[in-house]
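Work through the exercises below with the sequence and the model open beside you. Each task is followed by a stepwise solution.

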Amino acid sequence: MTAVQVRAEVLRNDPSGAYRHLVLRAPGVAATARPGHFVACAVGGTESALLLRRAFSLHRADAAAGTIEVVLAAHGPGTRVLAATRAGESIDVIGPLGRPFVLPTEPVASVLVGGGYGSAPLAWLARALQENGSRVDVVVGAADEGRLFGQDELAEAADSLVVTTDDGSAGTRGVVTTVMPALMEQHGTSIVYACGPMGMLRAVHEVAAAAGAASQLAVEESMACGIGVCMTCVLPVRGDDGTTRMARSCVEGPVFSGDRLRWDAISPSGSAVPADCLGAPVSPAVPAPATPTTGAAT
Amino acid sequence: MTDMSTTVGALGLANPVMTASGCAAAGRELAPFLDVSALGAVVTKSVMVQPRSGRPTPRMAETPSGMLNSIGLQGPGIEDFCAKDLPWLRENGATAVVSIAGGSVQEYAELADRLAGEPGVAALEVNISCPNVANRGLVFACDPAASRDVVAAVVERTPAGVPVLAKLSPDVTDVVAIARACLEAGAHGLSAINTLLGLVVDTDTLRPQLAGTTGGLSGPAIRAVAVRVVWQLAAAMRAGALPQAPVVGIGGIRTGLDALQFLAAGASAVQVGTVVFNDPGAPARIAAELGEALSARGFRSVADVVGIAHP
């Protein structure tokens, strides 16, 4: 995989529930993209005041057609600009980036979990897993029906699909981890793939680990560049040598094995540096008070 | 065609455009997007003696035409750098300017000692704008005496022919006084500027957006400040208030014309930083645009335009 930087023509920009679904012409990106890869999109033109690239997991890449697809939520100023692009306009895209999902070498039973538009790459991943003979059960969850993405395609691609919503507006009321244990037990699931917000990934990993299954988690850390130079998207990750490092999720991820992430230091609002992390700050010794404190109230 | 070569003291560059420290790692990640050997130089991310984890996240906030970062000098430490990064730069024909950072004069000295024996170090850039443990959270570059001590320790240990550049902070009352201290301590050139200290409040949590509270502001938002500092340094040299030395201009360069502003204000070379995050091929593009801009204006060489904006 070699990342390329291209001006990708917008072929389609369609609404999909609360999201926009963009189809872009980017043959160089599509040629080597795999499920789990992402692209980093510049916002606006060469005069844009929004300098930082926005990263999106690939929904699908079609090497034959030379197209890539992404799903985005117009949450902030950058994504609003991208959501407003029209067919015929172009977006500066770098990709494919990151390390994709690791596929099993022999057929297994898998569960794929998506939160909100995190479900975007799952149909593509489901087809890749089925090509090697694996069973694919999918669970997608969102706050409400409008924030689900891609159920129709997933229903077609997967062996089974369960939908959950926080408010019960579609599928089972609850969250993805409500339905995972029974599903995993029923099919003897040995690997779980998930994309979505950090809180969900953690819960999914815990359910998978409790059932003795491996997990492959695609994180959504905020990035400035996507190519490994800015060092903003780091997470504490335990390496092959057992040492924890602040690893760049753009080049060492975005897909991590759940048992490598240092959950004790990761929260939805950011990551701390574990005390045993390589190069962690040595906390200064607390100086002894110059005079003994009396403890007397004053 | 303009002759694009330039010099920064004893350092000869094929063209005036380098990467800025902290925005290009050690060059390798940019290789898919540009030819590192065709750049003026690759200035590496500041390396410290020991591996360093950097700060907790969030480390970044976008700002108008810029960004705030508090990475905290995450890096592999000098041994790993010398084992992996420097050889890669050599093998790929890059001119390597190594940025060094430390928490004490002793650490800078150790880094200079270690690098003195390494082939392929074209110059050192002394990042004196990083947190100074020995000086209660201030930075070396805010204090003339501390700046002098660090630069003198590095210069003393660096082989002749390898220029030492001092990277200045704009967050000072009198940048010329700091520059003077660095040059008197033996620095061969000045890099200006490092980031400006900034803060963004998250309006949902009503807390600072960065885990490190404050961060360094960079990008086109700070360009006019950077051009002003370069101008000030060059003007002080012209007035005899500062020893003559080459200046490397840094701050929000996005186009060849931005680079031209810095040259005209007195810089002999420039560095491209934050814009690399937007456009990883930017340093090569900017060099080409600068070449066109100089040719279009009839300049035969880079030296002909350096400082031309001064009366």
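Two residues are in contact if their C-beta atoms, placed from the backbone, lie within 7 Å. This is a predicted model, in which local features need pLDDT of at least 70 and side-chain atom pairs count only at pLDDT 80 or more, while totals for chains, interfaces and linings use all residues. Residues are numbered from 1 along each chain as its sequence is written, and chains are lettered from A and ligands numbered from 1 in the order in which they are written.

**Exercise 1.** Describe chain A as a whole.

Step 1. Of the contacts in chain A with a separation of 6 or more, 64% are between residues 24 or more positions apart.

Step 2. Count a residue as buried if 20 or more other C-beta atoms lie within 10 Å of its own, exposed if 12 or fewer, and partly exposed in between, with C-beta atoms placed from the backbone. By this rule 51% of the 298 residues in chain A are buried.

Step 3. The radius of gyration is taken over C-alpha atoms, and the globule rule is 2.2 Å times the number of residues to the power 0.38. For 298 residues a compact globule would have a value near 19 Å, and the 21 Å of chain A agrees with this.

**Exercise 2.** Which strand forms a hairpin with S13(A), and which turn residue has a positive phi?

Step 1. S13 (residues 234-238) of chain A has four of its five residues buried.

Step 2. S13(A) runs antiparallel to S14 (residues 244-248) of chain A, with five bridges between the two strands. A:Val237 lies opposite A:Arg245 in S14(A).

Step 3. S13(A) and S14(A) form the hairpin, with five residues between them, and A:Gly242 in the turn has a positive phi of about 85°.

**Exercise 3.** How many residues does each chain bring to the contact between chains A and B?

Solution. Chain A supplies 28 residues and chain B supplies 33 residues.

Terms used. Two strands pair if DSSP finds at least two bridges between them.
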